[in-house]
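Let's take a friendly walk through a protein model, stopping at a few residues along the way. Keep the structure open beside you as you read.

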Amino acid sequence: MSLPASNPFSLEGKRVLVTGASSGIGRAIAIACSRMGAKVTLTARNEKRLDETMSLLLGDGHQLVVADLTEETQRESLVEQLPKLDGIVQNAGVGSRVPCKSIEEKDIYEIFNPNLIAPILLQKLLIEEKKINKGASIVFVASMAAKYPSAGNAIYSASKGAVISYARVLGLELASRLIRVNCICPAMVWTDLITKDGVDKEVLEEAQLKYPLKRYGSPEDIANLSVFLLSEASSWMTGSCVEINGGAKEL
Amino acid sequence: MKEFIKNFANQFDDTELSEFQPETKFRDLEEWSSLTGLAVMNMVEKKYGVKLTVLDLRSVNTIEELYNVVTSK
């Protein structure tokens, strides 16, 4: 068997936007995309950490835009600066741990604004301003939490469940231009998001052993799946939700 | 301390208020669960502005010991 003339897993010649690229999964995705040949546009709120990501990218032609995507004017300014895109990774998001009986209105906004409302409004602008090339691939980083309940995770799970439902409709609406939309649903991945809400690293290190593959995910695990979904290798995939979880059936 | 005990007790639904004393070993209460622990952490953050961690909670046995952790943070 001869090798195909071009590698379907390569991102050579593609321009990819990654949100939340300053840390964790977003940073790993940006790095992986650059290694696979893409020109990457990075965005996030924290300029210093975004600069760090930029310094870790391979190749040239990358772009960095500091923006808080929950602010309308900053979304507009980002989209204005963007070249046409072949890939979009809607990754920015925050975590939360509040039991249902303690939920206050502000707890909901703090999660739904960055996790759901900002990505929907950014997506709308990208379409409206005609920044998405025909045949492009859009990836939403959702979570296994949407499907598998864990105590204290109600608002976060609901926000990710909403993202998944939204992405399915988006995929349908963009299919006529052969633009594909898929979600990644990771279980626990080693990032700031899982240690921020009062769960100590030691506690998590013990808990990860319950996963069949005996560990939580690394950001690189998720990045490799993103590369696949952004590449031509996944040309016949849209409206899918890919679970990546070390075999875990609970969080 | 009195107010802290009241706020602590408020995270329970079926345990009598009289059962909550400074020296009460809260993990021995029948109603205690990891979800109660989460509710206590959330209450402490909202009412006292202190972010407790799971290990903070694990490091103490009584309500008074927990109160001391909260006031020392």
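This is a predicted model: local features need pLDDT of at least 70, side-chain atom pairs count only at pLDDT 80 or more; totals for chains, interfaces and linings use all residues.

## Salt bridges

How many salt bridges are there over all chains? The count comes to 12 salt bridges.

| Acidic residue | Basic residue | N to O distance |
| Asp192(A) | Arg49(A) | 3.9 Å |
| Glu205(A) | Lys201(A) | 3.6 Å |
| Glu243(A) | Lys249(A) | 3.4 Å |

Start with Asp192(A) and Arg49(A), whose salt bridge has its closest N and O atoms 3.9 Å apart. Asp192(A) has a relative accessible area of 40%, so it is partly exposed. Arg49(A) is also at a value that counts as partly exposed, namely 30%.

Now turn to Glu205(A) and Lys201(A), whose side chains meet in a salt bridge of 3.6 Å. Where do Glu205(A) and Lys201(A) lie? Both are in helix H7 of chain A, and the four residues from one to the other make about one turn of the helix. Glu205(A) is partly exposed because its relative accessible area is 36%, and Lys201(A) is partly exposed because its relative accessibility is 48%.

In the last pair of the table, Glu243(A) and Lys249(A) are joined at 3.4 Å, N to O.

## Patches of charge on the surface

Charged residues can also gather with others of like charge. Which residues form a patch of positive charge on the surface? They are Lys84(A), Lys130(A), Lys134(A) and Arg177(A). One of them, Lys84(A), sits in the loop between helix H3 (72-81) and strand S4 (85-90) of chain A. Its relative accessible area is 47%, so Lys84(A) is partly exposed.

There is a negative surface patch as well, formed by Glu72(A), Glu76(A), Glu80(A) and Glu129(A). Glu72(A) is part of helix H3 of chain A. Why does Glu72(A) count as exposed? Its relative accessibility is 51%, and exposed means over 50%.

## Backbone angles in two loops

Next, look at the backbone of Leu178(A). It has a positive phi of about 60 degrees, although Leu178(A) is not a glycine. You will find Leu178(A) in the loop between helix H5 (154-174) and strand S6 (180-186) of chain A. Leu178(A) is exposed because its relative accessible area is 58%.

Lys214(A) is another residue other than glycine with a positive phi, in this case near 65 degrees. Lys214(A) is in the loop between H7 and helix H8 (219-230) of chain A. Its relative accessibility of 53% is why Lys214(A) counts as exposed.

## Visiting chain B

Thr53(B) lies in the loop between helix H2 (34-48) and helix H3 (54-58) of chain B. What does the side chain of Thr53(B) make with the side chain of Asp200(A)? The two make a polar contact of 2.8 Å. Thr53(B) has a relative accessible area of 18%, so it is buried.

Phe20(B) is found in the loop between helix H1 (2-9) and H2 of chain B. Phe20(B) is buried because its relative accessible area is 3%.

## Sequence and space

Finally, compare how residues are spaced along the chain and in the fold. Phe20(B) and Ala9(B) are separated by 11 residues in sequence and by 6.6 Å in space, C-alpha to C-alpha. For Glu202(A) and Ala162(A), the values are 40 residues in sequence and 32 Å in space, again C-alpha to C-alpha. Glu202(A) is located in helix H7 (residues 201-207) of chain A. At a relative accessible area of 47%, Glu202(A) is partly exposed.

Notes
Residues are numbered from 1 along each chain as its sequence is written. Chains are lettered from A and ligands numbered from 1 in the order in which they are written. Side-chain values use heavy atoms; hydrogens and water are left out. Buried means under 20% relative accessible area, exposed over 50%, partly exposed in between (1.4 Å probe, protein chains only). Patches are made of residues with over 30% relative accessible area and no salt bridge: like charges are joined within 9 Å, nonpolar side chains (Val, Leu, Ile, Met, Phe, Trp, Tyr) within 5 Å. Accessible areas come from the Shrake-Rupley method with a 1.4 Å probe; for residues, only the protein chains shown count as cover. A salt bridge is a side-chain nitrogen of Lys or Arg within 4 Å of a carboxyl oxygen of Asp or Glu. Lys and Arg count as positive and Asp and Glu as negative; His and the chain ends are not counted. The place of a charge is taken as NZ of Lys, CZ of Arg, CG of Asp or CD of Glu. A polar contact is a pair of N or O atoms within 3.5 Å; within protein, one must be able to donate a hydrogen and the other to accept it, and residues adjacent in sequence count only if both atoms are side-chain atoms.
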